[in-house]
Amino acid sequence: MSIWQNRHVTVVVSGGIASYKAIYLIRQFMQQGAIVRVAMTPHAAAFVTPLTFQTLTQQPVICDEFTMQDPQHVVHVELADWTELMVVVPATANIIAKMATGLADDAATTTILATTAPKYVVPAMNSHMYANPATQRNIAQLIADGIQVLTPATGMLAEGYVGKGRLPEPSTILSWLTQTLLSQTKALPLHGKRVLVTAGGTREMIDPVRYISNRSSGKMGYAVAQAAREMGADVTLISAPTALTKPAGVHYVEINSAEELATTVKAHFDATDLLVMAAAVSDFRPVQAVDQKIKKQPGQNGMTLELAETEDILKTLAPLKQHQFVVGFAAETQNLLANAEKKLAAKKLDMLVANDVSKPGVGFNGDTNQVTLLTPNSTPVTTNLLSKQAIAQTILKAAIERGA
Ligand SMILES: Cc1cc2nc3c(=O)[nH]c(=O)nc-3n(C[C@H](O)[C@H](O)[C@H](O)COP(=O)(O)O)c2cc1C
C-alpha cells in the first residue's frame, strides 16, 4: 500500500509563476491514493483559478477567508484540523516571510498557522529574491521551527536567465516528500505493528427497526485508532455504526451486532500485534430477532423480551493469544478497581482500561475521559481528566512500554 493511501494532504498554493505546477503535483498525490484539499492565496488565484483545483481534487478550495460555505464550521480551522500533512507549493518569498513571522492575513496563511500537521515548503522565485538575505533569514527561521524546506532547482527562470530558484519537477517534490515521510514513519513507535481497534456500541436487533444498544459514541475507540495510525501502525478499525468521521488512513470495517463483531475480530486476530477492545459490546441480545416489525396488539398489556448472553469476545480470545498484546476496557459505575482487577485476570488481558462512567466528564459520549490503567503485577495508574485523544496516546504509550 502506498504511504499516501487515504492521507489527508493540504496543498497551499501561493502566487508565483510556478503555481500551475501544483496541478501536476496534486494529480500525482491523488494517483498515490491521497485525499487532497487546496488553500490558495488571492495572488495565486491570479495565476490559476480555484475552480481548476476544485475540479481536480473534487474538494472545496479555500481562498477567501470570509467565505462561509459551511455555517457549522470556521473554514480555515476545519481544514487545519483535517490536515495530516501540509505542503506549500510553490512558496513565494512573500508567504515564506509570513510563515517565518506567523502572519495570518488570508485564508491560506491562517490555515498554515492553525494546523499542527507537519509542514513542507517548496520555494520558487527569482534567483535574486531567493538569494536575498531576508529570504534566507526567513527560510532559516522555518527550518528552526521544524518546517522542512526543499532547495529550489537551478535552471532557466521565467525571467529568461539561468539562476537558482526554479520549482523542482513535481515528481522530484513527490519523491522528496515520500522519502521524508517514510523515514519519519520508520522512526515512529508503532511502525510495522498491526493494530486492531474496536469501537462503538453494538446493536442487537429486536425486529427490523428496533435494537438494543448503549450510549457509547465510539469516540474513545476512534481516538485510539487515530493515535495508533499517527504512531505509525497499520490500523484496522472495526466499528459499530457511529456519527463520527472515519480516521484517515485506517482500514475500516463496519459491523452491527456483538456476533458480527466477534466474527470479525476473530478473523483478524492472527494478523494482529495489538488489540484494543474499546467497543461497548452488548452483553445480551434478543433470543429471537423477528423478521417483521412487531406490532402493538389491541388490549396488549406490556411485552416480555427474552434475552440471551452474547459471546464474551475477550474470553474466547484468551486461549488463542500468542504474540498479541490485548487491551480491554471496563466501564463501571461501582467498585471500579475490584471489578477491573477481576476482569484483567479472568480474561488474561495485558492491560485493562477502567473508567467510572458515573463520574462527570468520564466515559460515554463526551470528549473527555479519566481512566485507570491496570496491568498484571503492577500498581494501577489513574490519569487526570483529559481529552480522549490524550487518553488514547497514554494507553498506547503504556502498551508500548509493556511490550506491545
Ligand atoms: C508574473 C508574476 C510572477 C511572479 N512570480 C513569483 C515567483 O515565482 N515567486 C515569488 O516569490 N513571487 C512571485 N511574484 C510576486 C508575488 O506574486 C508577490 O510577491 C505576491 O505578493 C505574492 O503573494 P502570495 O504570497 O500571497 O501569493 C510574481 C509576480 C508576478 C506579477
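**Packing of helices and sheet**

Reply: The crossing of α4 and α6 is right-handed; a crossing has this hand if the near helix is turned clockwise from the far one by less than a right angle, and is left-handed if anticlockwise. The model is predicted, with local features requiring pLDDT of at least 70 and side-chain atom pairs counted only at pLDDT 80 or more, while totals for chains, interfaces and linings use all residues. Residues are numbered from 1 along each chain as its sequence is written, and side-chain values use heavy atoms, without hydrogens and water.

Helices (H or I, at least four residues) and strands (E, at least two) are DSSP runs numbered from the N terminus. Axes are lines fitted to C-alpha atoms, for helices over the stretch in contact, with angles from 0 to 180 degrees between N-to-C directions. On this basis, the axes of α4 (residues 75-82) and α6 (residues 107-114) come within 8 Å and cross at roughly 45°. The two helices are therefore oblique to each other; angles under 35 degrees count as roughly parallel, over 145 as roughly antiparallel, 65 to 115 as roughly perpendicular and the rest as oblique. H76, L79 and A80 of α4 meet A107, T110, T111 and A114 of α6, where contact means heavy atoms within 4.5 Å. This contact has four nonpolar, three polar and no charged residues (Ala, Val, Leu, Ile, Met, Phe, Trp, Tyr, Cys and Pro are nonpolar, Asp, Glu, Lys and Arg charged, and the others, Gly among them, polar).

A second pair is α1 (residues 21-31) and α3 (residues 50-57), whose axes come within 10 Å and cross at roughly 10°. That angle makes α1 roughly parallel to α3. Their crossing is right-handed. From α1, the contact takes A22, I23, I26, R27 and M30, and from α3, T52, F53, L56 and T57. Six of these residues are nonpolar, two polar and one charged.

Turning to the sheet, eight strands form an open, mixed arrangement in the order β12-β11-β8-β13-β16-β17-β19-β20; strands pair if DSSP finds at least two bridges between them. β12 (251-254) and β20 (381-382) are the edge strands, each with a single partner, so one side of each has no neighbour in the sheet. β20 pairs with β19 (residues 372-374) in the antiparallel sense over two bridges, and T372 has T382 as its bridge partner.

Helix α11 (residues 258-269) lies across β8, β11, β12, β13 and β16, at about 165° to β11. Helix α14 (residues 388-401) lies across β13, β16, β17 and β19, at about 155° to β17.
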